[in-house]
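User: I would like to learn how to read a few features of a model, starting with contacts. Please take me through them.

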Amino acid sequence: MAVSARFEQFTLAGIAALHLGVGLTHTYSHMAADVPIPAAQQVYIAIVVTLLPLAAVWLAFRRSLRLGAALFAASMYASFVFGYLLHFVIDSPDLHSNVTGDNAGVFFHTALNLALIEFVGFAFGLVAAVRRVR
């Protein structure tokens with residue numbers, strides 16, 4: 001069954017919207033759990049995690065689906081690696097097991113959901129970037 005370019009564009013937009021919503025909720029959980037985000041990480045989050053996926057969706061709709069999907073895949077991959085390392089690997093205040101208190105559950109679940117969304121976004125973006133549009 002052939003997949004239309006419109007389906008891919010709207011799927012990218014849906015993943016980006018979901019990612020943005022969960023990302024904002026995770027940002028709230030950082031504040032509520034009193035887990036600081038250093039300035040360099042704030043810049044990375046603003047540009048790579050937040051703006052690049054949105055720019056990629058714009059590009060997929062307005063200029064080139066392949067280029068937009070490739071940028072989307074790259075931004076989701078970079079976001080996934082960043083979040084996975086900080087929330088699940090590196091021992092820092094951002095490590096989910098170091099977050100305690102009433103907001104620890106929201107922090108963990110939003111971090112986990114971000115990782116899942118970013119992995120799916122990477123995979124879908126990659127497939128959309130390399131697939132022949134029919």
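User: Which residues is E118 in contact with, leaving aside its neighbours within four places in sequence?

Analyst: Contact means heavy atoms within 4.5 Å. On that basis E118 is in contact with H19, V49, M76, S79 and F80. This is a predicted model, where local features need pLDDT of at least 70, side-chain atom pairs count only at pLDDT 80 or more, and totals for chains, interfaces and linings use all residues. Residues are numbered from 1 along each chain as its sequence is written, and side-chain values use heavy atoms, without hydrogens and water.

User: Where does E118 lie, and is it buried or exposed?

Analyst: Buried means under 20% relative accessible area, exposed over 50%, and partly exposed in between (1.4 Å probe, protein chains only). Helices are DSSP runs of H or I with at least four residues, numbered from the N terminus. E118 lies in helix α4, residues 104–130, and is buried.

User: What is the nearest side chain of opposite charge to E118?

Analyst: Lys and Arg count as positive and Asp and Glu as negative, while His and the chain ends are not counted. A salt bridge needs a side-chain nitrogen of Lys or Arg within 4 Å of a carboxyl oxygen of Asp or Glu. E118 has none; the nearest such side chain, R131, is 23 Å away.

User: Why does H87 count as buried?

Analyst: H87 counts as buried because its relative accessibility is 7%. H87 lies in helix α3, residues 65–89. Not counting residues up to four places away in sequence, H87 touches H26, H30, D94, L95, H96, F107 and A111.

Definitions and conventions
Helix = DSSP H or I, 4+ residues; strand = E, 2+ residues; numbered from the N terminus.
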